[in-house]
Amino acid sequence: MILAVDCGNSRLKWGLHDQSGWIKTGSVPLSGLANLKNTWKKVPPADQIVVANVAGQSARRRLENVLSRQVAAPIWVTAQRRQCGVTNNYGKPTQLGADRWAALIGAWSMLRGPCLVVAAGTATTMDTLRSDGTFVGGMILPGLELMKRSLANNTAELPLARGRFSDMPRNTADAIESGCLLAQAGAIERAFAALEPGATCVVTGGAAARIAPHLSVPVRLADNLVLEGLARIASEPPERPEKP
């Protein structure tokens, strides 16, 4: 049994995987990490615990406290040069965020082909996988809600309000929603245009369902892509380093 934990900047997602599929998943805000002790008492104990943490050392210390009652010691994922069939071409491989690395592995395990891996959360990341499993690089831009908040915080009369998408917005809230959605879609499509033929755009994250309908490229929505990658990392032994 694998307990996969994706500790992001604002929320923690977790899932219990039995090697054939997810038997239970959940999500809590970072402020509610202590509540996981009671939640995890109600699920079967894990033989392996694998964690992707991008929320900093404070969140890690709190999570270590929560996990202290588990029998298995957690594996804190860091990006590698090679793992689970994916090769990392970052200049310094360990600088790649653990969540991005796990998402790349999750996407590769699903598709085994070229893809643009888009995680639409607080930030939007766009990472390119070639047909041989090589991660060649990626980009980061403000996420959908962060774009909207930046307009509200840095302009005098633009509100932070939920609007609706429109091809021709006729009120301010709709104008902001539509503009930010198209900015996200445009960046994604520009990055996708550089991929090899036959590629797929895999979109995950809290804003994925809002952005995906505005993309004109082949799209596959993937819930919990980071957790999928973490389960794959736990299931496969690390690859042996190359001899010098």
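Residues are numbered from 1 along each chain as its sequence is written, and side-chain values use heavy atoms, with hydrogens and water left out. Because the model is predicted, local features need pLDDT of at least 70 and side-chain atom pairs count only at pLDDT 80 or more, while totals for chains, interfaces and linings use all residues.

Helices and strands are DSSP runs numbered from the N terminus, a helix being H or I over at least four residues and a strand being E over at least two. Two packed helices are described by the angle between their axes and the distance between the axes. Helix α3 (residues 98–111) packs with helix α7 (residues 225–235) at an angle of about 80 degrees, and the two axes are 7 Å apart; the axes are lines fitted to C-alpha atoms over the stretch in contact, with angles running from 0 to 180 degrees between N-to-C directions. The two helices α3 and α7 are therefore roughly perpendicular to each other, a term for angles of 65 to 115 degrees, whereas angles under 35 count as roughly parallel, over 145 as roughly antiparallel and the rest as oblique. On the α3 side, the residues in contact (heavy atoms within 4.5 Å) include D99, I105 and M110, and those of α7 include L225, E228 and R232. The residues of this contact divide into nine nonpolar, three polar and three charged, where Ala, Val, Leu, Ile, Met, Phe, Trp, Tyr, Cys and Pro count as nonpolar, Asp, Glu, Lys and Arg as charged, and the others, Gly among them, as polar.

Seven strands form an open sheet with mixed pairing, in the order β6-β7-β10-β9-β8-β11-β12; strands are taken to pair if DSSP finds at least two bridges between them. At the edges stand β6 (82–83) and β12 (219–221), each with a single partner strand, so one side of each is left without a neighbour in the sheet. Within the sheet, strand β8 (residues 115–120) pairs with strand β11 (residues 200–204) in the parallel sense over five bridges, and V118 stands opposite V203 in β11.

With a salt bridge defined as a side-chain nitrogen of Lys or Arg within 4 Å of a carboxyl oxygen of Asp or Glu, the count comes to nine salt bridges. A network of these bridges links E145, K148, R162, E177 and R210. The side chains of K148 and E177 meet at 2.6 Å, N to O, which links helix α4 (residues 144–154) with helix α5 (residues 172–192) across 29 residues. Both K148, at 2% relative accessibility, and E177, at 3%, count as buried (under 20% relative accessible area, with exposed over 50% and partly exposed in between; 1.4 Å probe, protein chains only). E177 also forms a salt bridge with R162 at 4.0 Å, N to O; R162 lies in the loop between α4 and α5, so the pair ties together parts that are 15 residues apart in sequence, and R162 is exposed, with a relative accessible area of 61%. A further salt bridge joins E177 to R210, with the closest N and O atoms 2.7 Å apart, and R210 belongs to helix α6 (residues 208–211), 33 residues apart from E177.

Most residues other than glycine have a negative phi. Phi of Q19 is, however, positive, near 75 degrees; Q19 is placed in the loop between β2 (11–17) and β3 (22–29) and counts as partly exposed at 47% relative accessibility. N224 likewise has a positive phi, near 55 degrees, and its place is in the loop between β12 and α7.
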